[in-house]
Amino acid sequence: MREQILTFLEKNSKIDLQELAIMLGSSEVVIANEIAKMEEEKVICGYHTLIDWEKTSSEKITALIEVRVTPQRGQGFDSIAERIYNYPEVQSLYLISGAYDLLVILQGKTLREVSSFVSDKLSTLDSVLSTATHFILKKYKDYGTILGKQAKDERMLVTP
Amino acid sequence: MRNPLSDKVVTIKPSGIRKFFDIASEMKDVISLGVGEPDFDTPWHVRDEGIYSLEKGRTFYTSNSGLKELREEISHYLRRRYQLQYDPLHEILVTVGGSEGIDLALRAMLNPGDEVLIPEPCYVSYLPCVVLADGVPVTIELKEKNEFRLTKEELLEKITDKTKMLVLPFPNNPTGAVLRREDLEAIAEVVIEKDLFVLSDEIYSELTYGEDHVSIASLPGMWERTLTINGFSKSYAMTGWRLGYICGPQKIVEQMTKIHQFAIMCAPTTAQYAAVEALRNGDGDVAMMREAYNQRRRFLMHEFKRMGLKCFEPFGAFYVFPSIKEFGLSSDEFAMRLLEEEHVAVVPGTAFGECGEGFLRISYAYSIEALKTALARIERFIERLRAQG
């Protein structure tokens, strides 16, 4: 049941609970309780909105920064990760397997803002060995949603 | 000039849904709940495999019976899902959709005057195909009170010395009815006793929302009397690929293969390669779509109940079959007025046999949003009818 609820909420957090209950063959109370529990347990960490910023007038630039670091004794990567994720401009931070250690997803207003973050804040951290910055040119699909494309029902209207 | 036409063909009536299609096509903001195919696209990995086969230049004919690897996958699938044993070499024929299988089976098995029992309401092809194969269609009127299941008594009542075959279309289009194991056992008993054959059209077998589908050929004594039709259209959302299959005893499959060989040659090669991928790696897609249909089914049933529209709860396919008898309109009138006044297209029950009078087929192969909009219009319509008394 939890998994089913989450599948729906992940796609549409604004879904009407009564409707959800009908579709899952359950009751509104049960669903609401389950959601409340998952919020409490931090299974559900928040309700966000997927925005195609390109369609707005606001300027935004997203960068992916690969960071190689020296893990610290007794702390592993956690302490350096904390130092990085506390910056509000950091959207996401992942520990990655492979050629580098941390992937920082950064959102800034201008190219300069991003580059100064990398040179002034990120590279100057003691345990950071190197960084490589990639700028996102276009978002085609985000969080499982294809951006900017409207699906059209092209089936014939009536078929046996 | 001489009459250019075959008398037999001329007697066949065109499908009753044509006029709805014509009118609906002219309207701008029609919401249709009249479609008999999935709203999902074919899963991407399956489409990708079709594209890949084209890239590789696999644009040749396959053997008449279909790609060997596809027949092997079909054989595995039927064993794994429905405990059916079919030898991929001699007992499986890949066809152009499930529909070709219907035609082949009837043409390969009927002699002039043989009677074929067809439970109605049902899909539109069986009756004309029986006529084209020189058989005599004998319809069995299924009842709402039995949830449109075929009972032993109804079957026995229509059997004569000339009866050769029974068409068994479950899960059913248009009613959404399913037959459970005990229903099938009762039918099988009669079939064996009366020495009949069964043409079991199981194209919706993956879409059941209670118990799993049971294939009648898996019951004792039935394998040798049954042709099982299935395909990819509904379960894998592959209608446009035109791919199905028919399985049965070698003796019959051999004869069907001859007709298929001379009339069709082979099913589309691209579709066959895609279907191999669907059977190998498509279980998750089927489960996902089944769950989505089930959610919509629950939603529709709930809404009909709220509106006070009488409807038995169907457990298969993607149709509901509500009764509109309270309004005193024929199915045709109701559907036509609903289309004209509220721009919602549904199919009148009579398109699937006379006993569909008083019912509508409503498909839930639509997004919840589309269903909601359509239901709001239907509700407005029936409230107006009720107010008019």
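Me: What distance separates the centres of domain 1 and domain 2 of chain A?
Reply: This is a predicted model. In it, 35 Å separate the two centres, taken over C-alpha atoms.

Me: Where do those domains of chain A run?
Reply: Domain 1 of chain A is 2–40. Domain 2 of chain A is 53–136.

Me: Over to chain B. How many helices and strands?
Reply: Chain B has 13 helices and 12 strands. Its radius of gyration is 21 Å, close to the 21 Å from the globule rule for 389 residues, so chain B is as compact as a globular protein of that length.

Me: And what does the C-alpha trace of chain B span along its principal axes?
Reply: About 60 × 60 × 55 Å.

Me: What share of chain B is buried?
Reply: Buried residues are 50% of the 389. As for contacts in chain B with a separation of 6 or more, 75% are between residues 24 or more positions apart.

Me: Which residues touch the most other members in the largest nonpolar core?
Reply: That core has 119 residues. The ones touching the most other members are Ala105(B), Tyr126(B), Val167(B), Ile246(B), Val344(B), Ala345(B) and Val346(B).

Me: Where does this core lie relative to the domains of chain B?
Reply: Between domain 1 (7–42 + 284–383) and domain 2 (44–282), because both give residues to the core.

Me: Take Ile246(B). What is it in contact with, leaving aside neighbours within four places in sequence?
Reply: Ile246(B) is in contact with Leu93(B), Thr95(B), Gly101(B), Leu104(B), Ala105(B), Leu227(B), Ile229(B) and Met256(B).

Me: Which residues does the second core include?
Reply: The second core is separate and has 15 residues. Among them are Ala63(A), Ile80(A), Val114(A) and Phe117(A).

Me: Now the interface. How many residues of each chain are in contact?
Reply: 21 residues of chain B are in contact with 11 residues of chain A.

Me: Which elements of chain B give two or more residues to that side?
Reply: Those are α2 (18–26) and α11 (283–307) of chain B.

Me: How do the residues on the chain B side divide into nonpolar, polar and charged?
Reply: There are 11 nonpolar, seven polar and three charged.

Me: Backbone next. Which residues are joined by a cis peptide bond, with omega about 0 degrees?
Reply: Glu120(B) and Pro121(B). Pro121(B) sits in the loop between β3 (115–120) and α6 (126–132) of chain B. There is also a cis bond between Asn173(B) and Pro174(B), with omega about 20 degrees. Pro174(B) is in the loop between β5 (163–168) and α8 (181–193) of chain B.

Me: What about phi? What value does Asp134(B) have?
Reply: A positive one, about 65 degrees, and Asp134(B) is not a glycine. Most residues other than glycine have a negative phi. Asp134(B) is in the loop between α6 and β4 (136–141) of chain B.

Me: Why does Asp134(B) count as partly exposed?
Reply: Because Asp134(B) has 14 other C-beta atoms within 10 Å. That falls between the cut-offs: 20 or more is buried, 12 or fewer is exposed.

Me: And His343(B), what is its phi near?
Reply: Phi of His343(B) is near 55 degrees, again positive in a residue other than glycine. His343(B) lies in the loop between α12 (331–342) and β10 (344–345) of chain B. With 16 C-beta neighbours inside 10 Å, His343(B) is partly exposed.

Note on methods: Residues numbered from 1 in each chain as written. Chains lettered and ligands numbered in written order. Predicted model: local features only at pLDDT ≥ 70, side-chain atom pairs only at ≥ 80, totals over all residues. Core = buried A, V, L, I, M, F, W, Y, C linked by C-beta atoms within 7 Å. Domains from an automatic or database assignment. Contact = placed C-beta atoms within 7 Å. Helix = DSSP H or I, 4+ residues; strand = E, 2+ residues; numbered from the N terminus. Nonpolar A, V, L, I, M, F, W, Y, C, P; charged D, E, K, R; others polar. Rg over C-alpha atoms; globule rule 2.2 N^0.38 Å.
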